[in-house]
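Work through the exercises below with the sequence and the structure open. Each task is followed by its solution in steps.

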Amino acid sequence: MNSLFRLGSGPLMRPGNDKTDHVYSDLTRELDSILGDLAPGRAERTSEMDQVAPTHRDGALNLVDYATLRRHDLRDLQDRLLDVGVSPLVGCEDDVEASLGAARAALAALQGQDPTPFADREATAEARAAGDAALAAHADELLGTPRHGRSGRVMVTLPSSAADDPRLVLDLAERGMGLARINCAHDDPERWESMIAAVRAAERTVGRRIPVSMDLAGPKLRTGPVALGAPVGRARVTREPGGGVIDPARIWFTRQGLDPADTPAPPAARGHPALCVRVDPRWLAGRSPGDVIEVPDARRLRRRFTVVSAGTDGVLAEGDRNAWVRDGTLIDCDFEHTRVRGIPAVPRRIRVHRGDSILLTGDMEPVEPPPSGEEIRLGCALPAVVEALSVGDRVLFDDGVISADVTSTSTPGQEDGPWARLEVVRCREGGRWLGSEKGINVPGVEVETPALTDEDRQCLRFAARHADVVALSFVRTRGDVADAVEALRAATAESGRELGLLLKIETRQGYRALPDLLLEAMRHHRIGVMIARGDLAVEMGFESLSEIPRNITLMCQAARVPVVLATQVLESLAKTGMPSRAEISDAGSAQRSECVMLNKGPYVAEAIETLDAIHSRMGRIQRKALPLMRHVNSWD
């Protein structure tokens with residue numbers, strides 16, 4: 001080959017130059033070594049690859065090759081390949097063997113040798129295109145086809161109100177929702193069915209498929225209950241910084257005797273939600289706009305609320321002061337009295353400070369918040385986790401905002417059950433509140449707890465009848481996936497409908513076992529991976545967020561398995577209506593996945609539009625990990 005190539009910043013060199021030949025020989029030897037590793041790597045996984053579904057066989061082979069490739073540190077090799085003008089294996093995920101073969105062929109050509117034994121240009125292009133096409137097809141089958149001109153899809157977590165408001169779901173669909181997500185940890189089958197009916201109606205209106213994904217709750221590693229406080233509710237005003245009232249406090253009065261599910265919702269309004277109470281129907285029927293209701297405050301204050309609307313559903317009254325109203329309080333209007341009912345007990349929390357001692361047990365009886373300075377007692381929903389803890393282990397609470405180290409543990413088989421004494425080593429200055437049902441993470445501690453609970457199996461049967469995809473939470477082992485695939489097959493056999501499977505990678509174990517999990521899941525036809533960045537950050541450290549989601553995405557690309565990126569994408573925009581600059585950059589990077597999940601919030605519709613626009617723009621300049629250099633008009 002007579003072409004000239006530059007070696008780093010050194011002089012131009014021709015083949016035949018001793019220094020050049022030495023560089024080429026080293027590169028050739030390294031590539032040959034890596035190529036030679038592929039066959040033994042495949043041999044180790046032959047039985048596993050033989051069990052995958054026919055549509056995943058090529059992907060399984062490429063996944064095994066990619067896992068073999070990533071056993072090498074390729075950074076220095078990539079730099080030296082780039083120095084001599086050979087592709088540094090960027091984008092090799094589409095077809096590992098073809099990419100390595102192309103690089104080897106280029107080196108042969110540079111040395112004046114015949115490149116054809118190593119790669120054929122057309123065959124290499126076809127192999128890479130086939131891998132790309134397989135991933136796109138799998139994504140379309142599982143997640144639905146992206147909107148025209150978009151490179152990805154937007155998954156939206158439906159709020160509970162979607163069960164009662166089909167117009168809300170339609171608005172989300174019209175703005176660009178590609179998939180609807182239902183969290184099985186909330187609501188119930190009746191409300192899920194209403195949500196799904198609203199999605200199906202929206203599908204017909206917008207004229208495109210909107211798959212429904214249902215997240216199984218999984219084993220709930222959470223704090224036990226804290227004893228409830230008094231039944232007191234708050235009607236709250238919204239004030240401007242100077243103290244003036246922007247929106248009044250509101251109380252929504254409905255009649256006693258209604259089933260909670262049938263209780264009319266208060267009229268939509270800005271500001272804080274109305275305090276909902278129930279009163280005697282005869283007293284309620286006598287109210288009309290302009291009436292003034294005297295409401296005693298639990299702090300021994302008196303508050304006045306003026307009726308602004310009255311109808312068959314209820315009475316809405318507004319006031320310009322906050323009010324704490326206790327269940328059973330006697331209220332008065334024109335010397336007519338009644339007692340308010342239906343105010344639930346206030347959930348209580350425990351104030352945790354750095355240096356505090358926490359006794360973590362498997363006892364799920366409600367605990368009383370202790371006096372300041374005394375040891376805190378907390379239950380754990382999975383006693384097996386408490387039993388697995390050892391001195392020195394770290395325990396994280398509430399997404400890692402409270403961190404504690406284990407200082408002592410119980411003796412195995414102790415009569416009063418397992419316990420672990422912890423010392424809080426990290427917490428916000430001034431303390432942090434910790435309540436019931438807050439997440440617990442134990443990084444590095446492996447517990448034999450099935451990912452699929454009995455409750456999950458019931459939800460799976462519901463999903464098989466009504467939904468399109470089911471997401472398996474807290475998947476950690478190959479056995480978890482095998483169990484889920486078998487349960488999925490049984491449920492779909494009963495319903496006669498095919499159901500896709502999403503593996504949620506949210507633990508250290510799950511991340512480390514990713515190749516095994518994917519090969520096991522490939523026994524099922526429609527599969528994908530959800531990257532739960534929030535839990536991964538807590539489990540593996542927040543600094544890992546810059547690397548781990550990218551590694552998962554590349555591994556899944558090699559397997560031709562679509563990815564859903566989740567947790568806090570455009571979170572500020574969805575909750576407050578205003579995104580941060582960092583969020584926009586994050587959303588741009590998220591475009592490398594086949595789908596991005598948005599959480600619920602008052603401004604989620606605006607977040608959908610923003611993410612949809614980002615997908616449209618980024619799709620023109622990025623294909624997965626490969627930057628695309630379009631014409632930049634600004635620099636003409």
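**Exercise 1. Decide whether Phe-253 and Trp-283 are buried or exposed, then describe how their rings are placed.**

Step 1. Phe-253 and Trp-283 are both buried, where buried means under 20% relative accessible area, exposed over 50% and partly exposed in between (1.4 Å probe, protein chains only).
Step 2. The ring centres of Phe-253 and Trp-283 are 5.9 Å apart and the planes stand at 55 degrees, so the pair is tilted. Rings of Phe, Tyr and Trp (its six-membered ring) pair if their centres lie within 6.5 Å; planes under 30 degrees apart count as stacked, over 60 as edge-to-face and the rest as tilted.
Step 3. The pair links distant parts of the chain, 30 residues apart: Phe-253 belongs to strand β9 (residues 249–255) and Trp-283 to helix α9 (residues 281–285). Helices (H or I, at least four residues) and strands (E, at least two) are DSSP runs, numbered from the N terminus.
Step 4. Trp-283 also has the charged end of Arg-287 over its ring, 4.6 Å from the centre. The rule for a charge over a ring is NZ of Lys or CZ of Arg within 6 Å of the ring centre and within 35 degrees of the ring normal.

The model is predicted: local features need pLDDT of at least 70, side-chain atom pairs count only at pLDDT 80 or more, and totals for chains, interfaces and linings use all residues. Residues are numbered from 1 along each chain as its sequence is written, and side-chain values use heavy atoms, with hydrogens and water left out.

**Exercise 2. State how many aromatic pairs the structure holds, and describe the one formed by Trp-192 and Phe-462.**

Step 1. There are 2 aromatic pairs in the structure.
Step 2. Trp-192 and Phe-462 make an edge-to-face pair, at 5.5 Å centre to centre with 65 degrees between the planes.
Step 3. Helix α8 (residues 189–206) carries Trp-192 and helix α11 (residues 454–466) carries Phe-462, so the pair ties together parts 270 residues apart in sequence.
Step 4. Trp-192 and Phe-462 are both buried.

**Exercise 3. Trace the salt bridge of Arg-478 with Glu-520 and the network it belongs to.**

Step 1. The closest N and O atoms of Arg-478 and Glu-520 are 2.7 Å apart.
Step 2. Arg-478 lies in helix α12 (residues 478–495) and Glu-520 in helix α14 (residues 514–521), so the bridge ties together parts 42 residues apart in sequence.
Step 3. Arg-478 is partly exposed at 26% relative accessibility, whereas Glu-520 is buried at 10%.
Step 4. Shared partners join Arg-45, Glu-48, Arg-478, Glu-486, Arg-489, Asp-516, Glu-520 and Arg-523 into one network of salt bridges.

**Exercise 4. Judge how far helix α15 is enclosed and what follows it.**

Step 1. Of the 8 residues of α15 (residues 533–540), 6 are buried, so the helix is largely enclosed by the rest of the structure.
Step 2. The buried residues are Arg-533, Leu-536, Ala-537, Val-538, Glu-539 and Met-540.

Note on methods. A salt bridge is a side-chain nitrogen of Lys or Arg within 4 Å of a carboxyl oxygen of Asp or Glu.
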